[in-house]
Each structure stands twice: as structure tokens, then as C-alpha cells.
Amino acid sequence: MSKSELRINGARLWDRLMEMAKIGATPAGGSNRQALTDLDREGRDLFCSWARNAGCSIEIDQMGNIFARRAGTDDKAAPVIAGSHLDTQPTGGKFDGVYGVLAALEVIETLNDSGTSTSRPVEAVVWTNEEGARFSPAMIGSGVLAGEFTLEYGHAATDKAGKSIGDELRRIGYAGERPCKPFPIHAAFEAHIEQGPILEANNKTIGVVGGVQGMRWYDVIINGDAVHAGPTPMDQRKDPFRALHSILAGLYEMADRYAPQSRVTFGDIKAEPGSRNTVPERLTLAVDLRHPNEKILEEMEGEFRAIVAGSIAAANVEGSVRVEWQSPAVEFDSGCINAVRTAAQTLGYPYLEIVSGAGHDSVYLSRIAPTSMIFVPCKDGISHNEAESAEPADLAAGANILLHAILERAGQ
Ligand SMILES: [Zn+2]
């Protein structure tokens with residue numbers, strides 16, 4: 001069989017997804033397999049047993065990241081790696097993360113079944129604590145590897161009960177010795193469910209992921225005077241809501257102008273003292289701005305600040321903008337993106353160029369290696385939810401794209 005005719009075994013991939021989902025299965029059909037719990041250990045053990053049976057050698061690094069390696073004919077060459085995470089949210093689904101890990105393993109099985117060799121080694125990787133549900137921050141395993149966090153910081157992160165990642169790694173037997181630091185990687189891929197509704201709405205099977213949205217979180221604080229709702233005439237108030245309503249209108253108008261890739265979200269608002277018959281003394285509004293282009297996001301921030309300043313002045317109140325958190329936009333490697341797009345064209349799957357709205361291990365990985373991602377649809381775009389659902393045919397399609405992208409990068 002020629003390489004272009006190779007296809008993964010969709011039934012085996014599906015069976016393994018269902019087998020993994022039994023570990024930490026929830027009554028509503030999801031999985032609860034939080035990072036470094038006994039259940040996470042079971043999931044890791046299952047992955048490692050499958051990978052060993054597929055002839056892989058396994059190495060575990062100091063953050064518990066797992067590397068299952070299929071040798072290349074030029075085994076000294078930098079590997080092509082693919083993977084994601086096995087940990088889930090407390091009420092997580094069967095596919096988020098797990099799919100990317102098992103699709104990578106399925107690629108290795110397919111290469112074995114067909115007797116296909118690659119010049120470069122191919123590795124299926126499991127990253128530790130991607131979700132950030134048990135230990136904050138999210139994506140800490142790939143983050144330490146890429147140098148975003150120190151190893152000490154990674155080991156010291158604790159859960160609500162005060163247990164640290166370092167201790168829990170030792171407890172479940174996944175505190176490896178391989179240094180958790182950048183190593184030469186020829187290309188890195190991550191297959192993932194989209195976690196949004198765009199592919200489904202456009203009837204596409206494959207998302208060719210060009211990058212990840214930049215995200216900026218702010219608090220807008222508007223100060224007024226707390227006065228009685230009855231006796232105080234309207235023209236004698238300092239009312240933060242007068243500024244708020246024009247801030248909201250201005251930002252929605254800005255979102256429309258930067259559409260379709262802009263995102264403006266007001267996720268939370270607090271009024272103090274928070275009494276029905278008192279003008280609030282202070283409003284705190286949470287604002288989330290996103291755009292895949294860092295320069296445009298910067299422009300949006302400038303406009304946002306101007307809108308806030310103008311609205312506050314016009315309402316004769318005081319206010320300020322506080323930056324809470326930000327994550328720069330990521331543009332993936334054009335060579336890796338091309339490998340994914342070409343595979344979609346060659347295999348004849350309908351595809352869409354797309355930008356990820358969520359963070360992934362690939363964000364950190366892209367800092368140290370040529371990286372890109374492959375998205376497949378999930379039902380109604382629902383994720384981080386026990387109802388998360390994906391079609392076997394779509395999952396197989398994404399794994400076939402992964403196979404051919406890897407073949408292209410890993411060489412004869
Ligand atoms: Zn994920």
C-alpha cells in the first residue's frame with residue numbers, strides 16, 4: 001500500500017475513546033478524571049500499556065508528561081510529536097484532550113499495521129494538568145516544558161486540599177526523571193474537538209487551525225455617589241450606570257466593527273453597596289476582549305480605553321481600567337498549517353480555516369517548536385460538559401489528517 005492510501009482504524013480509535021471514558025465515568029455520560037488523581041493514574045497506565053503493546057518506548061519527564069516513542073529509521077533526528085491531555089474537568093466529556101492523545105497513538109498503530117517506516121521518530125505525548133481544574137494554572141505541564149513556568153513553580157502548585165503537583169506526581173508514580181525542558185522537535189501537532197459551533201454550522205469536517213485568539217481580561221471600575229433613589233433629583237446624581245450604559249453600547253459597536261473575529265464579553269458585574277433603592281457607589285464590570293491578531297487586539301484595547309474614558313467624563317463620574325490577565329495571540333507555524341491543509345485537500349474532507357478560541361498545550365509548544373492543530377466538530381459546540389459529543393466519522397477524519405500531516409513531516 002502506498003503512503004497516500006494509508007488510513008487509520010476508526011473503530012479501534014472509537015473503542016479506545018470509550019474504554020478510556022470508563023475511567024472516572026460520570027452518571028450523565030461524561031468523565032471526571034482530574035489531574036494526578038488515582039483515576040488519572042489509571043488513565044495514564046492504560047495509555048502506557050497500549051503504547052508499550054504498540055512497541056513504543058516510554059519516557060516520563062519531571063512534570064509527569066509522557067512521551068511514547070516509535071523509532072525512526074534516522075532515530076537521532078528530531079521527532080515529530082503529537083498529543084494532548086488525559087485529564088478532564090470535574091464534569092468533563094469523553095473527547096476533550098483524550099481525542100488528541102488517542103489519535104496520536106492510533107497514527108502509530110496504523111504505521112505499525114502497514115509496516116510503514118518514517119525517517120524521524122514519532123511520539124505520542126500526554127501533557128500533565130492541561131485543564132487547570134485541580135491545579136492552577138492550566139497547561140502547566142507543557143508550560144514548564146516550554147519555559148513559561150519554572151519546574152519549582154510547576155511542582156509547588158497546589159489543589160484546594162493543599163496537595164502539590166510534585167507530591168501527587170510521586171504518589172501516583174509519574175514523577176519521571178527526564179528533564180522537563182525544551183528539546184529539538186521537528187514538528188508538533190494536536191488534534192482536538194473544536195469546543196465551539198463553527199465547523200458544525202458550516203458543515204465542515206476539519207478545522208485547519210491557524211492560531212489561537214489573543215485574550216485580555218479587564219475590570220472596569222466606575223465610582224459614583226451612593227444616594228437615595230427617591231429624594232435625589234436625576235440631575236444631581238453621580239450615577240455609575242450613566243457611564244456603564246454608554247460603555248456597553250460603545251463596546252458592542254466596536255465588536256461589530258471588528259467582526260467576525262472580534263469577541264467582547266461582559267461576564268460579570270458587581271454593584272456596591274448593591275441595594276435596590278440606592279444609586280451604587282461603585283460598579284465593577286468584567287470585560288474580556290479577544291482577537292486572533294495581536295495588533296488588532298491592541299487597537300481594540302486602545303478604543304476600549306477611550307470609550308471608557310469618554311463615557312466616564314460624559315457621566316461626570318470617576319473610573320479606571322485594571323488589567324487582570326492577558327494571553328497574547330498565537331500564530332501557528334505555516335509549514336505545519338500547510339501540512340494539515342494539504343492533507344485535508346488530498347483526503348477530500350471539507351475544511352475551514354479557523355482560529356482557536358480556547359487555550360491548548362499547543363500555545364506553549366508553539367514557542368519552542370513548529371506547531372499547529374487540527375479541529376473536528378463536536379455536537380452543538382458543547383465542551384467542558386458531560387454532554388460533550390462527537391461523531392466517530394469526524395474523529396476518524398481528524399486522525400487521518402493527523403496521520404498524513406505526520407507522514408509529511410516525518411519523512412520517508
Ligand atoms: Zn483540551
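Trainee: Is Q89 buried or exposed, and with what relative accessible area?

Mentor: We are looking at a predicted model, in which local features need pLDDT of at least 70 and side-chain atom pairs count only at pLDDT 80 or more, while totals for chains, interfaces and linings use all residues. Residues are numbered from 1 along each chain as its sequence is written, and side-chain values use heavy atoms, with hydrogens and water left out. On the scale used here, buried means under 20% relative accessible area, exposed means over 50%, and partly exposed is in between (1.4 Å probe, protein chains only). Q89 therefore counts as buried, as its relative accessible area is 18%.

Trainee: Which residues does Q89 touch, leaving out those up to four places away in sequence?

Mentor: Q89 sits in the loop between β3 and α3, where helices (H or I, at least four residues) and strands (E, at least two) are DSSP runs numbered from the N terminus. A contact means heavy atoms within 4.5 Å. Beyond four places in sequence, the residues that Q89 touches are S31, N32, R33, Q34, E131, A133 and H384.

Trainee: Which backbone nitrogen does the side chain of D40 reach?

Mentor: D40 is found in helix α2 (residues 38-53) and is buried, because its relative accessible area is 3%. Its contacts, not counting residues up to four places away in sequence, are R33, Q34, A35 and L86. A polar contact is a pair of N or O atoms within 3.5 Å; within protein, one must be able to donate a hydrogen and the other to accept it, and residues adjacent in sequence count only if both atoms are side-chain atoms. At 2.6 Å, the side chain of D40 reaches the backbone nitrogen of L36.

Trainee: What is the volume of the largest pocket?

Mentor: Rolling a probe the size of a water molecule over the atoms shows where empty space is left. On a 1 Å grid over the protein atoms alone, a cavity is a set of points where a 1.4 Å probe fits but cannot get out, and a pocket is an open set with protein on both sides within 12 Å along at least five of seven lines; lining residues have an atom within 4 Å of a point. Grid points are joined across faces, edges and corners, and a volume is the space filled by probe spheres set on the points. For the largest pocket that gives about 570 Å³.

Trainee: Which element gives the most to the lining of the largest pocket?

Mentor: Of the 31 lining residues, A138, M139, M215, W325 and G359 are the closest to the centre of the largest pocket. Two or more lining residues come from each of β7 (214-223), β10 (318-327) and α11 (361-365). With 3 residues, the one that gives the most is β10.

Trainee: What is phi of M139?

Mentor: M139 is in the loop between β4 and α4 and is buried, given its relative accessible area of 12%. Its phi is positive although M139 is a residue other than glycine, with a value near 55 degrees.

Trainee: What is omega of the cis peptide bond that joins S136 and P137?

Mentor: P137 lies in the loop between β4 (122-127) and α4 (140-145). A cis bond also runs from E272 to P273, with omega near 5 degrees. For the bond that joins S136 and P137, omega is about 0 degrees.
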